[in-house]
Amino acid sequence: MEKLTHGQLNTTNWNETSITEFILLGFGNLYGLQIILFMIFLAIYIITLSGNILILLAVSTNRGLHTPMYFFLGNFSFLEIWYTTSIIPKMLRTLLTMHETISFSACIAQFYFFGSMAVIECYLLAVMSYDRYLAICNPLRYTTIMNIKICLQMAACSWISGFLTSIAPIVLTFSLPFCASNKIDHFFCDLAPVTKLSCSDPHVAEITTFILASMVTIGPFLLTVSSYVNIISTILKIPSAQGKQKAFSTCSSHLIVVTLFYGTLGTIYAAPSAKQSPVLNKLFSLLYTVITPMMNPMIYSLRNKDVKEALRKLICKNSYCTCINNMVDQETMFKEMAVEVEKT
């Protein structure tokens with residue numbers, strides 16, 4: 001049995017210990033690359049926060065974006081800020097310290113908030129796909145169905161359901177007795193590496209978590225797939241190529257985000273936890289906790305003309321942009337004067 005330092009456990013009997021804190025090993029096996037990884041992940045975190053905050057500001061300050069589609073996009077950006085904040089700051093400290101300690105209660109909190117945010121994201125993505133389905137397939141009834149009351153109710157249900165769903169896995173997982181080792185071979189408190197430290201059979205906790213995860217992901221996933229089947233079917237019936245392109249442009253960003261989210265999340269949780277390689281577990285976890293959240297605001301801003309225009313107006317509310325615009329206007333004026341002179 002591996003020895004634990006004083007203060008990390010309380011002895012309850014002769015063969016079992018009660019762990020009061022864990023040690024996150026993070027990427028401790030990548031010696032010499034810690035500082036480089038720290039700088040990379042810090043830059044990614046800053047980009048993620050900046051992108052989502054800009055989208056929130058653009059949606060809230062631009063009256064042209066006060067529609068159901070952008071209301072849900074604002075919710076999604078707000079979610080992504082807390083989704084990444086529940087993981088990355090602690091991961092950055094782990095990279096600097098090699099072995100970062102996290103208290104038992106803090107581990108529970110991280111596990112709970114990360115799990116809740118993942119569930120909320122499933123629901124929000126489904127709601128956003130349903131919104132696009134109504135806009136494209138039932139445009140005449142869209143404003144009647146997607147009124148402000150319905151939008152608020154759908155958003156509230158997504159958030160409340162996410163926070164309630166994660167309670168049972170938390171209770172079952174962290175009520176297990178942990179002994180022998182307090183080292184979590186991961187960069188955050190995830191299900192698989194935490195249950196591996198239990199000195200009793202975690203089968204009930206794992207099965208319960210799997211059933212709940214299936215319920216909250218398969219339902220929204222099927223709704224999303226069904227919405228896009230109808231959307232694509234409707235788009236294909238549009239006679240003009242320009243009409244097809246315009247209709248598809250309103251949902252292409254969301255479709256890419258959905259594919260990235262379910263693709264990366266499904267990769268890590270499809271296999272049984274006992275068969276997961278710790279290295280692959282960390283690698284795939286990086287995709288859906290760090291890389292994908294960074295890409296989401298880029299996808300929504302770069303592929304959406306309304307968001308790009310709102311961001312341009314938001315950024316250009318300073319004197320520099322005003323000065324540039326005045327210079328452009330003066331240059332245009334002089335060119336027009338020169339043309340008039342040539343004509344005379």
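Which helix gives the most to the lining of the second largest pocket?

A: The model is predicted, so local features need pLDDT of at least 70 and side-chain atom pairs pLDDT 80 or more, whereas totals for chains, interfaces and linings use all residues. Residues are numbered from 1 along each chain, and side-chain values use heavy atoms, without hydrogens or water.

The helix in question is α10, with seven residues in the lining of the second largest pocket (an open set of 1 Å grid points that fit a 1.4 Å probe, with protein on both sides within 12 Å along at least five of seven lines; lining residues have an atom within 4 Å of a point). Helices are DSSP runs of H or I, at least four residues long. In total, 23 residues line this pocket. Lys246, Ser249, Thr250, Lys305 and Asp306 are the lining residues that lie nearest the pocket centre. Besides α10 (241-249), at least two lining residues each come from α2 (68-85), α4 (104-137) and α13 (305-315). By class, the lining comprises eight nonpolar, 10 polar and five charged residues.

Residues 150-172 are 96% helix and 0% strand, and their end C-alpha atoms lie 34 Å apart. For residues 210-236, the chain is 100% helix with 0% strand, and 37 Å separates the end C-alpha atoms.

Note on methods: Nonpolar A, V, L, I, M, F, W, Y, C, P; charged D, E, K, R; others polar.
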